[in-house]
Each structure stands twice: as C-alpha cells, then as structure tokens.
Amino acid sequence: RRITDVLFTVPGVRLYDTGFGDKEPMFARAGGWGSLLDRGYGTICFPRVFLDGMLWSWGDQVPTDIDRLLHPDEVEAIEVYSSPMEVPGRFGGLGAKCGVIAVWSR
C-alpha cells in the first residue's frame with residue numbers, strides 16, 4: 001500500500017507513470033496555460049504537496065515523489081484541492097495553479 005493507492009480513489013486525481021516504476025498524482029486540464037507532458041493525458045500539472053502544513057514540494061512541472069513522504073499507516077488525513085479556485089489561502093490560494101495535496105500525519 002502506498003499513498004498513491006489512496007489518491008487513486010479520489011475523483012479528479014490521476015496517476016502519472018514517471019517511467020521509473022513510480023506513479024505520481026496529477027490533475028488533468030482541458031487546456032489553458034500550456035501542455036506539459038503528453039502520454040495520453042493531455043495537459044497535466046503536478047500539485048503542490050504539504051506535510052502537516054509545511055510545503056514539501058512545489059509541484060507545477062515536477063513530480064512530487066509522494067510515496068516516499070509517508071507510509072499510509074502514518075497518515076491521519078489527506079486533503080485534495082484539484083483547482084486553484086478551491087485551494088485555501090494557507091496553501092497558496094490562486095498561486096497554487098496546479099492544486100494542492102495536503103497530508104496530515106498521525
């Protein structure tokens with residue numbers, strides 16, 4: 001079990017195959033500010049990742065390696081904000097153009 005196994009069940013979250021045996025969470029976009037990587041996903045971007053309220057990964061065009069963050073048994077809660085319009089100000093608000101995944105440990 002990995003965090004990406006949990007995130008796979010969240011509507012709007014897709015998993016991007018890095019080509020190195022890892023999968024990273026991403027959000028697909030219908031269009032907009034430019035195509036990033038295209039392996040059948042269309043326009044995608046990687047969310048910022050926060051651990052216990054602290055920024056862990058900037059996201060945007062860089063995968064987060066989120067499965068190395070914590071084991072699922074160490075996770076208390078996960079918040080997923082797939083659009084900058086949903087992101088609370090404490091996580092960057094509209095500045096988090098690729099959304100946010102906030103992970104809270106036990």
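Predicted model: local features only at pLDDT ≥ 70, side-chain atom pairs only at ≥ 80, totals over all residues.

User: Which strand pairs with β4 in the parallel sense?
Analyst: β4 covers residues 48-51. Its parallel pairing runs over four bridges. Within it, Leu 51 of the chain stands opposite Val 103. The partner, residues 100-105, is strand β7.

User: How many bridges join β4 to β5?
Analyst: β5 covers residues 54-57. β4 and β5 run antiparallel. Val 49 has Ser 57 in β5 as its bridge partner. The number of bridges joining β4 to β5 is three.

User: Which residue in the hairpin of β4 and β5 takes a positive phi?
Analyst: The hairpin has two residues between its strands.

User: Is Asp 52 buried, partly exposed or exposed?
Analyst: The relative accessible area of Asp 52 is 37%. Buried means under 20% and exposed means over 50%, so a value in between has its own class. Asp 52 is therefore partly exposed.

User: How is the ring pair of Phe 50 and Phe 91 classed: stacked, edge-to-face or tilted?
Analyst: The whole structure holds three aromatic pairs. In the pair of Phe 50 and Phe 91, the ring centres are 4.8 Å apart and the planes meet at 50°. Stacked needs under 30 degrees and edge-to-face over 60.

User: How many residues apart are Phe 50 and Phe 91?
Analyst: Phe 50 belongs to strand β4. Phe 91 lies in the loop between β6 and β7. The pair thus links distant parts of the chain, and the separation is 41 residues.

User: What is the relative accessible area of Phe 91?
Analyst: Phe 50 is buried, at 6%. Phe 91 is buried too. Its relative accessible area is 1%.

User: What is the distance between the ring centres of Tyr 81 and Phe 91?
Analyst: Tyr 81 lies in strand β6, so its pair with Phe 91 ties together parts 10 residues apart in sequence. Tyr 81 counts as buried, at 17% relative accessibility. The planes of the two rings stand at 40°, so this pair is tilted. The centres are apart by 6.2 Å.

Definitions and conventions. Residues numbered from 1 in each chain as written. Heavy atoms only, no water. Buried < 20%, exposed > 50% of the residue type's maximum accessible area, 1.4 Å probe, protein only. Pairing = 2+ DSSP bridges. Phe/Tyr/Trp six-rings, centres within 6.5 Å; stacked < 30°, edge-to-face > 60°.
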